[in-house]
Amino acid sequence: MDSEFELINRLKSESTKEQAFKELLSEYKERLYWHIRNIVKSHDDADDVLQNTFIKVYRNIHGFKGESKLFSWMYRIATNEALTFLNQNSKRANQSIEEFQQQAISNLKADVYFEGSDIQLKLQEAIATLPHKQQLVFNMKYFEDIKYSEMSDILETSEGALKASYHIAVKKIEEYLTKD
Amino acid sequence: MKNEKLHNIKTAGFKTPNDYFDSVEDSVFSKLNEPQILENTESPGFKVPKDYFESLDEIILSKVDGNESKVIPIFNWKKIAYVSGIAASVILAFNLFINNPKNVTFDNLETASIETYLMNEDLNAYDIAPYLGNVDLNSDNFVENTINASDIEDYLLQNSDVEHLITD
């Protein structure tokens with residue numbers, strides 16, 4: 001916590017902001033990238049959203065009050081940027097978010113940056129059938145291995161509700177995967 | 001019971017179903033042989049271009065450094081606001097003189113205006129009660145919608161803090 005407090009102070013000071021931001025980038029870029037990628041599916045889209053996320057972090061660090069961990073705050077920005085991206089692009093394509101997501105998953109088969117097997121592709125289809133928040137919970141627990149206590153801070157939802165949500169998500173996914 | 005001594009009690013008293021131990025092995029092996037539905041799916045299967053993360057810092061830093069330039073407004077918004085205020089006052093005064101207030105009826109009022117009035121007035125139930133009739137409520141108006149369990153579950157997960165509903 002002390003090192004985080006010190007990093008935040010350096011991010012808020014004009015003289016040390018740039019160096020501190022480089023450290024922040026180095027520390028969190030991969031974790032945020034994979035979190036975003038699990039939402040938007042394509043590398044190019046994840047790249048755009050990740051860059052927007054860090055730009056937003058850089059510009060708004062002065063407004064960070066420290067009520068949550070820095071990591072949780074950044075994750076929240078990343079999540080919102082990814083969901084906004086899906087929203088805006090689905091509207092542009094005259095599709096619902098669900099249709100847009102299904103389209104993105106269909107494109108994975110021909111995507112050079114997807115090396116998953118048929119079962120991994122089917123898992124993506126199964127995840128896309130879940131409500132949006134449940135998708136987030138499942139991805140964060142199953143692929144990103146985020147602890148419930150951290151997830152609770154990021155999603156501002158109780159641990160109990162998250163555990164219930166994950167349990168239900170797993171059941172639905174297993175049903176989807178075994179139905180054919 | 002008073003005369004029971006510990007050294008006389010030889011067993012815990014537990015029992016098992018008939019032939020239980022004969023079937024334990026079969027049960028264990030059948031569970032082990034069940035297909036693991038989510039086997040080999042720990043990774044989502046996504047890849048990144050070569051050296052992507054190595055080059056990312058420079059790209060982002062160039063964007064945050066390059067976007068800090070001062071914005072010079074094209075219009076002087078203070079003057080525009082001042083002129084707009086005068087224009088709005090003139091239009092309002094004009095409308096007040098033209099429209100005959102005696103012709104305002106309840107039907108002329110917009111619903112939004114009525115709602116705003118009700119929200120701003122500090123009305124309580126006793127203020128409204130004299131205007132309510134004695135018509136009995138028809139329970140059919142409240143139970144015509146059937147909502148299935150799946151929709152309720154999705155709504156709760158998207159919109160509510162479940163713990164709050166359980167504990168309150």
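**Stop 1: α6 and α9 of chain A**

Select residues 118-128 of chain A, helix α6, and residues 159-178 of chain A, helix α9. This is a predicted model. The two helix axes come within 9 Å. They cross at roughly 130 degrees, so α6(A) and α9(A) count as oblique to each other. Look at the sense of the crossing: for α6(A) and α9(A) it is right-handed.

Now show the side chains at this contact. On α6(A), pick K122(A), L123(A), A126(A) and I127(A). On α9(A), pick I173(A), Y176(A) and L177(A). Colour them by class: the contact of α6(A) with α9(A) has six nonpolar residues, one charged residue and no polar ones.

**Stop 2: α7 and α9 of chain A**

The axes of α7(A) and α9(A) come within 9 Å. Their crossing angle is roughly 90 degrees. Angles from 65 to 115 degrees count as roughly perpendicular, so α7(A) and α9(A) are roughly perpendicular to each other.

Which residues of α7(A) and α9(A) make the contact? From α7(A), they are Q134(A), V137(A), F138(A) and K141(A). From α9(A), they are L162(A), S165(A), Y166(A), I168(A) and A169(A). By class, the contact of α7(A) with α9(A) holds six nonpolar, two polar and one charged residues.

**Stop 3: α8 of chain A**

Go to residues 148-155 of chain A, helix α8. Its buried residues are M151(A), D153(A), I154(A) and L155(A). Where do the buried residues of α8(A) pack? They pack against α4, α7 and α9 of chain A. Step just past the helix to E156(A) and check its backbone. E156(A) takes a positive phi of about 55 degrees.

**Stop 4: L86 in α4 of chain A**

Next, select helix α4 of chain A, residues 70-92, and find L86(A) within it. Is L86(A) buried or exposed? Count C-beta neighbours inside 10 Å: there are 21. The cut-off for buried is 20 or more, so L86(A) counts as buried.

Draw a line from L86(A) to F100(A), C-alpha to C-alpha. The two residues are 14 apart in sequence and 7.5 Å apart in space. Leaving out residues up to four places away in sequence, L86(A) touches V40(A), I97(A), F100(A) and Q101(A).

**Stop 5: where chain A touches chain B**

The contact takes 35 residues from chain A and 22 residues from chain B. Look at the chain A side. For the scores, the model has ipTM 0.81 and pTM 0.63.

**Stop 6: chain B alone**

Chain B has eight helices and zero strands. Along the sequence, the pattern of chain B reads α-α-α-α-α-α-α-α. Chain B has 168 residues, of which 4% count as buried.

Colour by pLDDT. The average for chain B is 70, and 46% of the residues score at least 70. Select residues 52-66 of chain B: this is helix α2, with the highest mean pLDDT among the elements of chain B, 90. Then select residues 162-167 of chain B: helix α8 of chain B has the lowest, 54.

Notes. Residues numbered from 1 in each chain as written. Chains lettered and ligands numbered in written order. Predicted model: local features only at pLDDT ≥ 70, side-chain atom pairs only at ≥ 80, totals over all residues. Axes fitted to C-alpha atoms, helices over the stretch in contact; angles between N-to-C directions. Helix = DSSP H or I, 4+ residues; strand = E, 2+ residues; numbered from the N terminus. Parallel < 35°, antiparallel > 145°, perpendicular 65-115°, else oblique. Left-handed = near helix turned anticlockwise from the far one by under 90°. Contact = placed C-beta atoms within 7 Å. Nonpolar A, V, L, I, M, F, W, Y, C, P; charged D, E, K, R; others polar. Buried ≥ 20, exposed ≤ 12 C-beta atoms within 10 Å, placed from the backbone. pLDDT = per-residue confidence, 0-100.
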